[in-house]
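Good morning, and thank you for coming.

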Amino acid sequence: MSGGGGLKRMLASAVVVGVSEARGRIFGHMLNPAGQISAHKILRKKLIGDKVAEWYPYDIKNDDPRVMARGEEERRLKLEMLKRRGKGPPKKGQGRRAVKRNK
């Protein structure tokens, strides 16, 4: 009698596997009978990069050379003002590290 029950169980499991495979093909599901960790769920999601990019307004500073030139001019003037007061950046090789090394 145990032989009949074993056959019945084998047939039932084969039917379940066949039905789950068919369901996966029809509905586009990923079969994972072993239950292993998979990145399929994450990769299936829509990409959101374009949506995020729409949140931020267009910035004219990146395209207009006059705006870029004005920003560069302001930076240069500020640097000159700091140099006149003695607060500008040191010459190359004369910074804090070089002073420490020479002590």
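Helices (H or I, at least four residues) and strands (E, at least two) are DSSP runs, numbered from the N terminus. By that definition, the protein has 5 helices and 0 strands. Read from the N terminus, the order of elements is α-α-α-α-α.

Please note that this is a predicted model, in which local features need pLDDT of at least 70 and side-chain atom pairs count only at pLDDT 80 or more, while totals for chains, interfaces and linings use all residues. Residues are numbered from 1 along each chain as its sequence is written, and side-chain values use heavy atoms, with hydrogens and water left out.

Let us consider the overall form. The radius of gyration is taken over C-alpha atoms, and the globule rule is 2.2 Å times the number of residues to the power 0.38. A compact globule of 103 residues would have a value near 13 Å, whereas the protein has 35 Å. Its C-alpha trace spans about 100 × 45 × 15 Å along the principal axes.

How many of the residues count as buried? Of the 103 residues, 3% do. Here, buried means under 20% relative accessible area, exposed over 50%, and partly exposed in between, with a 1.4 Å probe and protein chains only.

I turn now to the salt bridges. A salt bridge is a side-chain nitrogen of Lys or Arg within 4 Å of a carboxyl oxygen of Asp or Glu. This rule gives a count of 4 salt bridges.

One of them links Asp 64 with Arg 66, with the closest N and O atoms 3.6 Å apart.

Another salt bridge joins the side chains of Glu 73 and Arg 76, at 2.5 Å from N to O. Both residues lie in helix H4 (residues 65-84), 3 residues apart, which is about one turn of the helix. Glu 73 is partly exposed, with a relative accessible area of 34%, and Arg 76 is partly exposed as well, at 37%.

Arg 76 also meets Glu 80 in a salt bridge, at 2.6 Å from N to O. These two residues of helix H4 are 4 residues apart, again about one turn. Through shared partners, salt bridges join Glu 73, Arg 76 and Glu 80 into one network.
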